[in-house]
Structures are given as structure tokens and as C-alpha cells.
Amino acid sequence: MLKELIVETPAGNSLIDITAQVKELVVESGVQAGVCALIVPHTTAAITLNSGLDPATPADIVADLKRLVPTRVDFIHQYDTPADAAAHIKATLVGNSITLAIDEGELLVGWSQFILFYEFDGPRKRTVQVKIISG
């Protein structure tokens, strides 16, 4: 079954916790054992697992990605804007998918792991494709 989550993002770069929404979709699916694949079909957004225990973690991650890939005007590809070019590179570094196991009807994530959606070119209305596979 393929479901979609809609994520409304703020301006600029941000990290958004979507863990609860994904867990809810897994429970609704009724799948007791299998996998949950999360895919971000955008070139300026990404997804990952990371700690959600300290609310400062997302701020540090966003700040360091901005430091590693600053917006600048000397990108060769600038179809849209320099910020768009930087966002493409950040999304490539982080990745556009994760796959998690499902066991006994629950999504298996570590106690401190949160599913984090990265926005690198907001504000936008984004989609996360959620594919839940039994087996």
C-alpha cells in the first residue's frame, strides 16, 4: 500500500519531525511484519533518522549543513536560484529515502531515533511517499 504524507514547511532550511504520522500509517495498515519505505520525491528536500531528544539537535544539523554547503553565486547550475542549487547538494548529501522494519505491528526505531524531514528551500507543500510492505 502506498500512502502520502503532506508536510507544510516554513521558509528557508528546516527539520520537521514526522515520526508520529509515519507510526500512525503503519498501525492503520494492519501490517504485523514487513518494511516501511519512506521516499521524498523532491530534489530540494530529504529524509533521515536522528536524535529527537534534544530540541537543539535540529538547529545544529541545519546550521552545519548550511555551513558545509552555503548559498553562493558561483554554482555552475542555477536553473532557479543559488539557494536552489545549494538545496540540491544538501538533499544529495542527506538522501531521499529510508527503510525501516515493522514487527508486531509497530515501526522499529531506536528509542532516541526520530524520522526527520529536511526542507532546504521552503516554504513549500511537500510529499513523503510511504510504502508499507507486508512480509
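**Rings, helix and sheet**

Me: Are Y118 and F120 buried or exposed?
Reply: Buried means under 20% relative accessible area, exposed over 50%, and partly exposed in between (1.4 Å probe, protein chains only). By that cut-off, Y118 and F120 are both buried. This is a predicted model, where local features need pLDDT of at least 70, side-chain atom pairs count only at pLDDT 80 or more, and totals for chains, interfaces and linings use all residues. Residues are numbered from 1 along each chain as its sequence is written, and side-chain values use heavy atoms, with hydrogens and water left out.

Me: Why is the pair of Y118 and F120 stacked?
Reply: Rings of Phe, Tyr and Trp (its six-membered ring) pair if their centres lie within 6.5 Å; planes under 30 degrees apart count as stacked, over 60 as edge-to-face and the rest as tilted. A search of the whole structure gives one aromatic pair. The ring centres of Y118 and F120 are 5.6 Å apart and the planes are at 20°, so the pair is stacked.

Me: Within what arc do the buried residues of α1 fall?
Reply: Helices (H or I, at least four residues) and strands (E, at least two) are DSSP runs, numbered from the N terminus. In α1 (residues 19-29), T19, V22, L25, V26 and S29 are buried. They line one face of the helix, because seen down the axis they fall within an arc (directions from the helix axis to the C-beta atoms) of 130°.

Me: Which residue in β5 stands opposite G34?
Reply: Two strands pair if DSSP finds at least two bridges between them. Strands β3 (residues 33-39) and β5 (residues 97-103) are antiparallel, over seven bridges. Opposite G34 stands I102.
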